[in-house]
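Please read this short report beside the model. It starts at the surface and then moves to single elements and residues.

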Amino acid sequence: MLTGKVALVTGAGRGIGSAVARMLAKNGATVIVNYNGSRESAEAVVAGIERDGGSAEAMQCNVSDFASSETFVKAVLEKYKKVDILVNNAGITRDNLIMRMSEEDYDAVLDTNLKGAFNMIRHLSRSMVRQRSGKIINISSVSGILGNAGQSNYSASKAGLIGLTRSVARELAGRGINVNAVAPGFIDTDMTRNMTEEAKKALNGMIPMGKMGSAEDIADLVLFLAGEHSDYITGQVICVDGGMAM
Ligand code: NAP
């Protein structure tokens with residue numbers, strides 16, 4: 001159980017982040033439901049958690065912005081005094097073939113997916129070091145391991161997250177802080193919902209289990225990595241992908 005723990009989940013107004021927020025709250029954590037643009041759905045996530053007897057608050061922050069992330073983390077620490085669990089989940093795609101990819105689309109994806117995680121870890125790690133405990137979980141992707149045609153920006157950001165995870169894990173291992181990455185495969189959320197049936201069929205063909213995963217499949221692993229049963233695990237990248245990247 002995570003009773004007494006404070007968790008901050010970025011991009012938790014919808015998709016995988018919202019499932020993670022609900023899962024951590026269900027297991028006793030007080031959850032900061034961060035959102036960027038989706039205020040209404042973040043508030044609906046909070047309302048659902050409270051209806052189930054949990055505790056949560058929706059807070060806006062664009063995690064790709066260094067200064068805004070600092071202000072956000074300061075506000076969280078002022079109110080809640082600590083953060084025990086940080087889940088860097090916020091992420092976007094701007095797919096295109098390399099020959100057509102704009103500088104803006106490259107930068108936007110790197111700024112959100114990779115720099116966003118850096119910003120949050122940078123601003124929160126000092127407080128975790130002081131309390132000599134913490135769990136940092138970065139949501140990477142099998143695209144960061146396998147690569148994916150049409151996603152060079154996204155794959156680079158997700159591979160970068162793996163490097164960030166391992167380096168920070170080494171820096172903070174002696175301070176009682178675990179840093180791990182989860183690499184989801186093909187998960188049913190807004191991010192994948194707009195794909196053509198043909199593209200979905202082709203992707204399913206690459207998955208040994210032959211089907212997409214759910215946001216809850218990811219939340220189950222995040223719960224394990226956020227709790228005490230994973231205390232001797234750090235610097236790892238764990239795929240939740242139906243066998244896709246084995
Ligand atoms: P999604 O449904 O599109 O949700 C993306 C989330 O990221 C939203 O909550 C969004 O918040 C948030 N976000 C985007 N930019 C942000 C910013 N600058 N600051 C704060 N939050 C921001 O996607 P998802 O499928 O749940 O993806 C969640 C994570 O899992 C991402 O990192 C994604 O790369 C990763 N992943 C997904 C899959 C998949 O198949 N779905 C596979 C591998 C990895 P707002 O709506 O408030 O802007």
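The protein chain exposes about 12,000 Å². Carbon and sulfur atoms supply 50% of that area. Accessible areas come from the Shrake-Rupley method with a 1.4 Å probe, and for residues only the protein chains shown count as cover. This is a predicted model, in which local features need pLDDT of at least 70 and side-chain atom pairs count only at pLDDT 80 or more, while totals for chains, interfaces and linings use all residues. Residues are numbered from 1 along each chain as its sequence is written, and side-chain values use heavy atoms, with hydrogens and water left out.

**Overall build**

The protein chain holds nine helices and seven strands. Helices (H or I, at least four residues) and strands (E, at least two) are DSSP runs, numbered from the N terminus. The radius of gyration is 17 Å, close to the 18 Å that the globule rule gives for 246 residues, so the protein chain is as compact as a globular protein of that length. That radius is taken over C-alpha atoms, and the globule rule is 2.2 Å times the number of residues to the power 0.38. The C-alpha trace spans about 50 × 35 × 35 Å along its principal axes.

Of the 246 residues, 49% count as buried. Buried means under 20% relative accessible area, exposed over 50%, and partly exposed in between. Take the contacts (heavy atoms within 4.5 Å) with a separation of 6 or more: residues 24 or more positions apart account for 74% of them.

The protein chain has 26 positive and 26 negative side chains. Lys and Arg count as positive and Asp and Glu as negative; His and the chain ends are not counted. The centres of the two sets lie 6 Å apart, with each charge placed at NZ of Lys, CZ of Arg, CG of Asp or CD of Glu.

**Helix α1**

Helix α1 covers residues 15-26. Its twelve residues reach 17 Å from first C-alpha to last, close to the expected 16 Å. The expected span is 1.5 Å times one less than the number of residues. Nine of the twelve residues are buried, so α1 is largely enclosed by the rest of the structure. Among them are I16, V20, M23 and L24. The buried residues of α1 pack against several elements, including β1 (6-9), β2 (30-35), α2 (39-51) and α9 (215-226). Just after α1, G28 takes a positive phi of about 105°.

Neither residue below is a glycine.

| Residue | Phi | Loop |
|---|---|---|
| K81 | about 75° | between α3 (66-80) and β4 |

K81 is exposed, with a relative accessible area of 65%.

M128 sits in helix α4. It is buried, at 0% relative accessible area. Leaving out residues up to four places away in sequence, M128 touches V83, D84, I85, L86, S133, G134, K135, I136 and I177. M128 and V76 are 52 residues apart along the chain, and 13 Å separates their C-alpha atoms.

Y35 belongs to strand β2. At 10% relative accessibility, Y35 counts as buried. Apart from neighbours within four places in sequence, Y35 contacts A42, A58, M59, Q60 and C61. Y35 and M212 are 177 residues apart in sequence and 25 Å apart in space, C-alpha to C-alpha.

Note on methods
Buried < 20%, exposed > 50% of the residue type's maximum accessible area, 1.4 Å probe, protein only.
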